[in-house]
Structures are given as structure tokens and as C-alpha cells.
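Hi everyone, thanks for coming.

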Amino acid sequence: MKQINIGILGLGTVGTGIAKMLLENADLITARLGARLVLKKAADIDLEKDRGIRFDHGVLTADALSVINDPEIDIVLEMIGGETIAKEFIVQAINNGKHIVTANKALLASSGNDLFQLAAKKGVTIAFEPSVGGCMPIIKTIRESLAGNRIGSVSGILNGTCNYILSKITNEGVSFEDALAEAQKEGFAEADPTLDIEGLDTAHKLAIISAIAFGTKINLKDIYVEGISRVTAMDIAFADQCGYRIKLLAITKQNGDAVEARIHPTMIPFTNPLSNVNGSLNAVTLTGDAVGEMMLYGHGAGMMPTASAAVSDIMDIARDMLFGARTRVPMLSFQMENIRQLPIQPIDDICTYYYVRFSAIDQPGVLSKISGILGEHNISIKSVHQYEQKLNGTVPIFMLTHQAREAEIQKALEKISAMDTIMNSPTLIRIEGEL
Ligand code: HSE
């Protein structure tokens, strides 16, 4: 029976999960593949740690280069993370003719264009299903299942930590800080949780999704990114009363020859299935011209769900190898020569519905002045709510608007913020889908 040799760089949570799956499900994988996947080497700086796995003699090593330079290893799994040493190892492995599987969304978002070019030149594959959405087969779905579709949009919850925090505040009244601490304890928050909270982790994933959905280069820097740190329990409670949930949504759409790509807290109606995705789960809705709307849902992080995505990538590469094929499915879903550089629309140009909250001194004329400014900017108010309850001498005023242009609402909010009767900067949350 044919044998394909695997080397793992990094035995952290995901690397360990992959080793476990390769060893524990070896018979099943062989039965499906018609060849044996052999874990030949696994490198980590910590060789003492008990990972609950019985590695064969000689598999564990502290020397990453002995994996990359082993002529018998066919596929290298980069599970180190970060953008420095991981990149060096990937480049060297590609130059040595190895195929790569990586979960490194930050690296692909920043250097993916070059790495994919290099891989194509060397005739090897970089597979990256575990980099986005854990076990959810979002890459494979866009690249293979929807290969004949013109993709219209992809919207989703791609960060388990943020979803966990927002769900805990919404459903259990837990504070932001306590919910974050629990997410860190559960192990799905990034080592630096500001990457989660401020939306950058989601941006890495959206940059990859936009590229494969629309055949454009990976473009992280132009994505609009706003995290959840300014969302308050008051906004969540108000949204709930109006029939909305607040989620950190990653949204990408193709608008003619441009792409919309943005991440921000978003109010979505209870009727949107994404509103019921709770805890650390991820979910994505996609639209395609043939399929209409479809949805994926599952664990976006964690040892075995992410390992599952990596092992499926290994098996795809192994199948190519067994049939003498070379990157049969294009890495970025389009042939390299057909990948364009579509611009990302500035956030100022988007049109959507808005929720805004002001902290105002409760006196005559405040509301009429606010609505006057909104009117000057062509913003039509859908509803206004003011509650008696005072907070530090101010009352909260909540407004929902009809569709408006972002640039106009931003200008209006700047003028409203300058009013003597308005304290603190207003809160703005974009709404996707009217009730
Ligand atoms: N920190 C990420 C999350 C892990 O919370 O979803 C998976 O990328």
C-alpha cells in the first residue's frame, strides 16, 4: 500500500489534534484514501509535555528543520502561528518541494499572495481550510461545491471569542470582562485577545474568504474593521426589544468591479438564522446565483474541529499525489492567472440601516435639533425611543434609521456630537436586514 509522509511543525492545540486524528483514525483514513498517512515527524520546542499521544520512536523532535529538510516528508503542516518563523519555515518547505497545510490566517492575510505564487511556481499546494472557521468547510464550499456559481455575498460569524462574549451578555447578563475571561479559559481566544475583540482575527479570515469568493488578491489592509469593545449591555437590551441580536459580522459582497468587505458589530433580525448562533460557534451564510442562500455552521476553533479541517486538507493533497495530479483544485479557487486586484469599497460608500444612541441632557429642543441635523444629511428616522431613566444626568436616546449612506451618517454624527446637550460620542451600529 502506498504511504504518504506527514510532518507537523508545532504541537500546540491544533497540531496535537492533528496528530491524534492521524493516529486514532488511521484505519478509517486509509480505508477512504486507499493509502496510509504516516506521521513521520512532529516538531515542538516542548518535548516533555504529556499530550496524551503515544508517538512512535523518533517522531518527536525539537528540530523543525529536520522536518522541512526530510526528503521523505511529502506534506508539512505549519501549526506554529505568527508571521515570522512560520513564514520562513513555509517558504523553505515549499522550496524543498513540500505541500503545505496551514491554519495561519494572519500569515495568509498578510503574505498569502506571495506564498501562493511561490507554491504555484514550485508546483506544490498550500491548503488552508483550518485557517477559517475551524471545522466549517467554508473554503471547500466556495472553491468546490459552488465552483459553478457566481458568489454574491458571504456574511458570517467568524470569531468564537466575540460570539461567546456577545452571547453571554445577551443571554446570561454576564459582564464583558467576565465573558472574555471565560473565553480565555475555554482556550479559543487568541494569545492576544485584542486580536479577537477588535476584529482583526475576523479580518484575517474575511480577507481569505473575499479572495476565493471573488477571484481577487488577498487584501487585508482595505477591509473596514471595528470590534465589539464599544458594544454595551444597553445596546444589546435595546436591540433585543426591537427584535434584533448584535453579532460581530464579517460581510463581503461583490458590487460590480469592486468588493465590499467590512467587519463590525451588526444588528440582525431574529429571523436571520445567524442571530441564533450562540456561544463560540461560527456560522456563515453564502449566496450564489444558482444555489440562492445557503448556510454553514459549526465549531470555529478548538482542537479536534480544527484538526478535522486540516486532516481533510491532507487527504485532498494526498489524493492529488496518488493520481499524479498537481493542485487539481486551484488553491484560491481561481487559476492564478485569472486572479485580479478588485478594489475594496471605502466604508463611506456603503448604504445600510443604522441604530444610533445618544446620551443627551433632557431639555426641550434636543430631539428636534438631532432630527434636523439627520434630515440635512438625507437620513430618514424610522423610530425614536427615549427613556426617563437618567444616567449621570443624561438620558439615552435610541434611534433606528431607514437606509442611509455611511458618509452622511458619519457627518451628521459629528455635528450632533458637537451639540452642548450631547454628552459622550454617539454609538452607531449598522443593521443588516430590515424587520
Ligand atoms: N480566536 C479565534 C476565535 C480562534 O475566537 O474564533 C479561531 O480562529
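This is a predicted model: local features need pLDDT of at least 70, side-chain atom pairs count only at pLDDT 80 or more; totals for chains, interfaces and linings use all residues.

How do we look for gaps at all? Rolling a probe the size of a water molecule over the atoms shows where empty space is left.

So, the pocket. The largest pocket has a volume of about 960 Å³. Its lining takes in 44 residues, and V14, A103, K105, A189 and E190 are the ones nearest its centre. Several helices supply at least two residues each to that lining, including helix 1 (13-24), helix 5 (105-122) and helix 7. Which helix gives the most to the lining of the largest pocket? That would be helix 10, with four residues. If we sort the pocket lining by class, we get 15 nonpolar, 20 polar and nine charged residues.

Now to the cavities. How many cavities of 30 Å³ or more does the structure hold? There are four.

The largest cavity contains about 150 Å³ of space. You can find it by looking for T125, R143, D316, D320 and V329, which lie nearest its centre among the 13 lining residues. Strand 6 (126-127), helix 6 (138-145) and helix 12 (303-322) each bring at least two residues to this lining. Helix 12 has the largest share, with four residues. By class, the lining of this cavity has five nonpolar, two polar and six charged residues.

The second largest cavity has a volume of about 40 Å³. Among the residues lining it are A207, S210, A211, K217 and I344. Here helix 10, residues 200-214, gives the most, with three residues. The lining of this second cavity divides into five nonpolar, three polar and one charged.

Last stop: our helix pair. Helix 7 (residues 160-172) and helix 8 (residues 176-186) have axes that come within 9 Å and cross at roughly 135 degrees. The two helices are therefore oblique to each other. Helix 7 passes helix 8 in a right-handed crossing. Which residues make the contact? On helix 7 they are T161, Y164, I165, K168 and I169, while helix 8 brings F176, A179, L180, E182, A183 and E186. Sorted by class, this contact has seven nonpolar, one polar and three charged residues.

Technical notes
Residues are numbered from 1 along each chain as its sequence is written. Side-chain values use heavy atoms; hydrogens and water are left out. On a 1 Å grid over the protein atoms alone, a cavity is a set of points where a 1.4 Å probe fits but cannot get out, and a pocket is an open set with protein on both sides within 12 Å along at least five of seven lines; lining residues have an atom within 4 Å of a point. Grid points are joined across faces, edges and corners, and a volume is the space filled by probe spheres set on the points. Ala, Val, Leu, Ile, Met, Phe, Trp, Tyr, Cys and Pro count as nonpolar, Asp, Glu, Lys and Arg as charged, and the others, Gly among them, as polar. Axes are lines fitted to C-alpha atoms, for helices over the stretch in contact, and angles run from 0 to 180 degrees between N-to-C directions. Angles under 35 degrees count as roughly parallel, over 145 as roughly antiparallel, 65 to 115 as roughly perpendicular and the rest as oblique. A crossing is left-handed if the near helix is turned anticlockwise from the far one by less than a right angle, and right-handed if clockwise. Contact means heavy atoms within 4.5 Å.
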